[in-house]
Amino acid sequence: MAVSDTSRQSLIPNFIYTSSSSPSSLLMTKTSNPSLFPSTSPAKQQNSFVIPAPNEPLGKIEMYSPRFYAACTVGGILSCGLTHMTVTPLDLVKCNMQISIDPAKYKSISSGFGVLLKEQGVRGFFRGWVPTLLGYSAQGACKFGFYEFFKKYYSDIAGPEYAAKYKTLIYLAGSASAEIIADVALCPMEAVKVRVQTQPGFARGLGDGLPKFVRSEGALGLYKGLVPLWGRQIPYTMMKFASFETIVEMMYKYAIPTPKNECSKSLQLGVSFAGGYVAGVLCAVVSHPADNLVSFLNNAKGASVGDAVKKLGVWGLFTRGLPLRIVMIGTLTGAQWGIYDAFKVFVGLPTTGGAAPAPVAEAVEA
């Protein structure tokens with residue numbers, strides 16, 4: 001059934017995306033520049049909502065179309081899979097600091113690298129890189145792809161006025177919904193990764209580690225860390241997306257004198273990295289206790305949350321391995337947003353976030 005132009009406009013909140021190809025809004029671009037939207041039929045041209053861009057190797061991508069969500073999914077795979085694999089040495093040291101029976105063995109980040117180098121050699125720093133790459137690629141696909149979907153879905157439910165007024169709640173709800181799904185995809189690989197990284201004699205990698213894990217604890221054992229993983233990742237992701245969107249909006253509003261749609265692509269990507277780094281530091285602090293729990297439970301067979309609290313202590317849950325995780329997650333999150341938005345720019349989509357339009361303009365559009 002055909003959707004009227006007015007109805008389509010009312011379902012898409014203006015504040016979420018802004019095209020950098022024109023100073024006008026996307027909705028005004030659609031109506032004032034019809035030549036940018038070629039179509040074989042007038043009806044299709046009337047109902048099409050496309051982001052024009054100078055670089056479109058895949059052709060024009062219609063916003064909120066299957067191709068749009070597919071592009072966001074691929075961007076998520078690249079941003080999460082590659083970055084997590086790159087910081088495998090840091091993650092390895094962090095996990096061993098978290099679950100070590102002897103805290104004095106890993107007194108600092110530098111001593112942790114020294115211990116692992118002495119015990120496992122240089123190759124040991126990349127132990128578990130395969131489950132890391134596969135697990136976080138799957139998580140990134142779901143995290144970013146479903147975030148874009150749920151952000152649009154909840155905005156449609158709220159309507160343009162309330163979507164603009166309560167945009168932070170929409171960011172929080174959309175990211176939480178996406179992460180619930182993403183962690184189901186991540187959990188099996190995370191379980192194998194932690195076991196391989198923290199028990200050097202357990203397995204060489206995913207190929208022998210996954211079958212051995214299943215034989216030891218059963219297939220359901222791969223998901224025994226799911227609830228703590230949700231406890232770590234859902235607050236982390238809510239902070240990651242909501243704070244990033246807010247920080248980027250504030251940077252364009254207060255720190256950068258030029259409107260976003262007049263900024264160069266390199267500057268926009270720089271803003272994405274900077275906003276992502278600050279958001280990552282906040283994420284690390286919020287989610288660190290649950291991260292300690294996940295590492296402890298996946299390392300110790302039959303262990304419970306109570307065992308972890310008893311062994312690590314409440315203070316240890318909040319602080320053990322935190323400085324390293326702040327460095328790791330800050331860099332990681334900044335790089336993820338940079339890669340994700342770079343891929344979006346590459347396929348002709350605008351970068352994420354930006355200054356919200358004035359409520360009066362939204363009321364006129366509505």
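This is a short walk through the structure above, from the overall fold down to a few individual residues. Please keep in mind that the model is predicted.

Let's start with the chain as a whole. The protein chain has 14 helices and 0 strands, and reading along its sequence gives the pattern α-α-α-α-α-α-α-α-α-α-α-α-α-α. Of its 366 residues, 52% are buried. The contacts also tell us how the chain is connected: among those between residues at least 6 apart in sequence, 76% join residues at least 24 apart.

Now turn to a pair of helices. Two packed helices are described by the angle between their axes and the distance between the axes. Here, helix H5 (residues 88-99) meets helix H13 (residues 322-346), with axes that come within 10 Å and cross at roughly 155°. Angles over 145 degrees count as roughly antiparallel, so H5 and H13 are roughly antiparallel to each other. Their crossing is left-handed. On the H5 side, the contact is made by Leu90, Asp91, Val93, Lys94 and Met97, while H13 brings Leu324, Arg325 and Met328.

Next, have a look at Glu190, which sits in helix H8 (residues 167-198). Is this glutamate buried or exposed? Glu190 has a relative accessibility of 3%, and therefore counts as buried, the cut-off being under 20%. Setting aside neighbours within four places in sequence, Glu190 is in contact with Tyr136, Leu229, Arg232, Val294 and Asn298.

Two of those names lead us on to Ala290, a residue of helix H11 (residues 265-299). Ala290 counts as buried because its relative accessibility is 11%. Not counting residues up to four places away in sequence, Ala290 touches Pro228, Gly231 and Arg232.

Finally, what about the cysteines? A disulfide is a covalent bond between the sulfur atoms of two cysteines. How many disulfides does the structure hold? The count is 0. Cys142, at 15% relative accessibility, counts as buried, and Cys263 counts as buried too, at 8%.

How values were computed
Residues numbered from 1 in each chain as written. Predicted model: local features only at pLDDT ≥ 70, side-chain atom pairs only at ≥ 80, totals over all residues. Heavy atoms only, no water. Disulfide = S-S within 2.5 Å. Buried < 20%, exposed > 50% of the residue type's maximum accessible area, 1.4 Å probe, protein only. Axes fitted to C-alpha atoms, helices over the stretch in contact; angles between N-to-C directions. Helix = DSSP H or I, 4+ residues; strand = E, 2+ residues; numbered from the N terminus. Parallel < 35°, antiparallel > 145°, perpendicular 65-115°, else oblique. Left-handed = near helix turned anticlockwise from the far one by under 90°. Contact = heavy atoms within 4.5 Å.
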